[in-house]
Amino acid sequence: MLPTTLVNSGSQGNGVLSRRDAARHTAGAKRYKYLRRLFHFRQMDFEFALWQMLYLFTSPQRVYRNFHYRKQTKDQWARDDPAFLVLLSIWLCVSTIGFGFVLDMGFFETIKLLLWVVFIDCVGVGLLIATLMWFISNKYLVKQQNRDYDVEWGYAFDVHLNAFYPLLVILHFIQLFFINYVIISDSVIGYFVGNTLWLIAIGYYIYVTFLGYSALPFLKNTAILLYPFALLIMLYLISLACGWNFTKMLCSFYKYRVK
């Protein structure tokens, strides 16, 4: 039997889903299915998740094009496969251990740093940003004629994860090769290189976030999500003029937190 036949069989003849089929599309049902798959690695598509990570750097539009396909085939914008989250967690752990090694932290200090980065920097801040963007987009960006549509919270969190991955690679991997020998030094080239990497990383975050919400056809005025670029560039220029080294400040903060 074709998949389209199964989908149509759940309707009541007038395009409305039956009660049983509609229950499968609730937020709770989707969340349960997602969490359940976290314990079934064989059901995860890690190859596709790696493809997404690659294209988040080279062509993030293609990643969000896939979200459109998921909406058409599975009736949800958010990911139903936790493979991307699992790979991101692994990458986060490895890069944070490397960060601790570069900063000459001990074993227990590195573990504390890892817990801080995972549960505060990634998950905690991610939950806050996703909830804020979910509220703003549904409150102010949904087109009036499309009030039957809304932004899924899970999709808002996926957008954060998509935007966080390039930032993580730039600040927790690429930057590691320059911290001790270039960035932490008190020279002009030190804070220029470090702050430029921050500019690129946060700029990537803003741009990928903008692409995520502009991909939703029922949202309007998503270009306002690019406005933080102006503030970002202003802070970057001020930091260069004042000799404010973002990376050096971050390293001092992390060392203070893990003591």
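Reader: Which helix gives the largest share of the lining of the largest pocket?
Author: H7 does, with nine residues. Helices here are DSSP runs of H or I, at least four residues long, numbered from the N terminus. A pocket is an open set of points on a 1 Å grid over the protein atoms alone, with protein on both sides within 12 Å along at least five of seven lines, and lining residues have an atom within 4 Å of a point.

Reader: What sort of model is this?
Author: A predicted one, where local features need pLDDT of at least 70 and side-chain atom pairs count only at pLDDT 80 or more, while totals for chains, interfaces and linings use all residues. Residues are numbered from 1 along each chain as its sequence is written, and side-chain values use heavy atoms, with hydrogens and water left out.

Reader: Back to the pocket. What is its volume, and how many residues line it?
Author: The volume of the largest pocket is about 930 Å³, counted as the space filled by probe spheres set on the points. Its lining has 32 residues, and Val125, Ile129, Leu167, Ile202 and Tyr205 lie nearest the centre.

Reader: Which helices supply at least two residues each?
Author: H7 (107-141), H8 (153-172), H10 (188-214), H11 and H12.

Reader: How does the lining divide by residue type?
Author: Into 28 nonpolar, three polar and one charged. Ala, Val, Leu, Ile, Met, Phe, Trp, Tyr, Cys and Pro count as nonpolar, Asp, Glu, Lys and Arg as charged, and the others, Gly among them, as polar.

Reader: How many cavities of 30 Å³ or more?
Author: One; a cavity is a set of grid points where a 1.4 Å probe fits but cannot get out. The largest cavity holds about 40 Å³ of space. Its lining includes Ile129, His160 and Tyr205.

Reader: Different topic. Where does Asn245 lie, and is it buried or exposed?
Author: Asn245 is in the loop between H11 (228-242) and H12 (246-257). Asn245 counts as buried because its relative accessibility is 8%, where buried means under 20% and exposed over 50% with a 1.4 Å probe.

Reader: What does its side chain reach?
Author: The backbone nitrogen of Lys248, at 3.1 Å. Beyond neighbours within four places in sequence, Asn245 is in contact (heavy atoms within 4.5 Å) with Ile183, Ser185, Gly190, Tyr191 and Asn195.

Key. A polar contact is a pair of N or O atoms within 3.5 Å; within protein, one must be able to donate a hydrogen and the other to accept it, and residues adjacent in sequence count only if both atoms are side-chain atoms.
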